[in-house]
Amino acid sequence: MTNRIGSYVISECLNHLRAEDNEALYEAAIKWCLDLAIDHEGSIAVIRVINTIQGLQRYRLLNILSENAVFLSQDPEGNYVIQKVMSLNIPLFTQKVCRLLIGHYETISLQKGGSHIVEKCLDTEWKSWIIESFLSNTNTLLHVAKDEFGNYVIQKALKVTKKSGSPLYHKLLSRLKPHLSILQSGYGRNVFNLITGGQSLKKV
């Protein structure tokens with residue numbers, strides 16, 4: 001599964017053999033899923049396995065992956081696997097990922113792959129956990145808002161809370177608005193434009 005050609009053979013087995021015929025492959029994938037998830041070819045193989053594995057084996061695999069969300073979310077390859085788990089929209093595992101990432105949202109938001117995971121978390125019913133984490137420290141919120149990848153996370157947070165009519169939208173605004181001047185430049189400009197509608201601040 002970590003070899004490009006070998007991984008193709010495994011893929012053919014998954015696509016054309018019956019689930020019972022692939023049981024040994026599934027067991028191997030479950031056993032080695034964390035090692036596979038942080039390997040380029042291996043992560044692709046794990047995602048293919050997720051697409052076909054069923055029943056208790058599927059539960060076991062997704063449980064291990066979601067239990068290791070903090071580690072995998074910060075890995076260049078592993079983050080794609082967690083994104084896949086999130087995309088399944090299975091409440092049990094989605095909630096687990098969102099819960100385990102509490103305390104790590106700032107760090108993960110500053111990473112290219114990790115920021116996509118945080119955005120996916122913001123699309124769930126547990127989005128308040130993420131937003132409350134940012135609201136707990138204004139400096140952290142601003143740091144993320146000015147970051148190359150983090151600014152997309154804060155934009156997402158503003159959009160989803162505004163759309164849902166959540167009081168958290170106004171809490172975010174109250175924390176960000178006093179600091180609009182430092183968001184006017186760099187990557188923070190994206191957040192600035194979203195809040196102000198693109199209008200520059202008037203000089204006093």
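1. Lys-96 has a relative accessibility of 10% and counts as buried, because the cut-off for buried is under 20%. This value, like the others in this note, comes from a predicted model. The side chain of Lys-96 meets that of Glu-67 in a salt bridge, with N and O 3.2 Å apart. Glu-67 has a relative accessibility of 42% and is therefore classed as partly exposed. The two residues are 29 apart and link distant parts of the chain: Glu-67 belongs to helix H5, Lys-96 to helix H8 (residues 91–100).

2. A second salt bridge pairs Asp-123 with Lys-156, and the closest N and O atoms are 3.0 Å apart. Asp-123 sits in the loop between H10 and helix H11 (127–135), while Lys-156 is in helix H13 (residues 150–164), so the bridge ties together parts separated by 33 residues in sequence. Asp-123 is exposed, at 52% relative accessible area.

3. Arg-18 and Asp-21 also form a salt bridge, in which the closest N and O atoms are 3.0 Å apart. Arg-18 counts as exposed at 52% relative accessibility, and Asp-21 as partly exposed at 41%.

4. How many salt bridges does the model contain by this rule? The count is five.

5. Helix H4 (residues 40–52) and helix H5 (residues 55–67) have axes that come within 10 Å and cross at roughly 140 degrees. H4 is therefore oblique to H5, because an angle has to be over 145 degrees to count as roughly antiparallel. The crossing of the two helices is left-handed.

6. Which residues make the contact between H4 and H5? On the H4 side they are Val-46, Val-49 and Ile-50; on the H5 side they are Arg-58, Leu-61, Leu-62 and Leu-65. Of the residues in this contact, six are nonpolar, one is charged and none is polar.

7. Ile-117 is part of helix H10 (residues 112–121). Is this residue buried or exposed? Ile-117 has a relative accessible area of 0% and is therefore buried. Leaving aside residues up to four places away in sequence, Ile-117 touches Ser-73, Asn-79, Ile-82, Gln-83 and Leu-101. Ile-117 and Gln-74 are 43 residues apart along the chain, and their C-alpha atoms are separated by 9.8 Å.

Conventions: Residues are numbered from 1 along each chain as its sequence is written. This is a predicted model: local features need pLDDT of at least 70, side-chain atom pairs count only at pLDDT 80 or more; totals for chains, interfaces and linings use all residues. Side-chain values use heavy atoms; hydrogens and water are left out. Axes are lines fitted to C-alpha atoms, for helices over the stretch in contact, and angles run from 0 to 180 degrees between N-to-C directions. Helices (H or I, at least four residues) and strands (E, at least two) are DSSP runs, numbered from the N terminus. Angles under 35 degrees count as roughly parallel, over 145 as roughly antiparallel, 65 to 115 as roughly perpendicular and the rest as oblique. A crossing is left-handed if the near helix is turned anticlockwise from the far one by less than a right angle, and right-handed if clockwise. Contact means heavy atoms within 4.5 Å. Ala, Val, Leu, Ile, Met, Phe, Trp, Tyr, Cys and Pro count as nonpolar, Asp, Glu, Lys and Arg as charged, and the others, Gly among them, as polar. Buried means under 20% relative accessible area, exposed over 50%, partly exposed in between (1.4 Å probe, protein chains only). A salt bridge is a side-chain nitrogen of Lys or Arg within 4 Å of a carboxyl oxygen of Asp or Glu.
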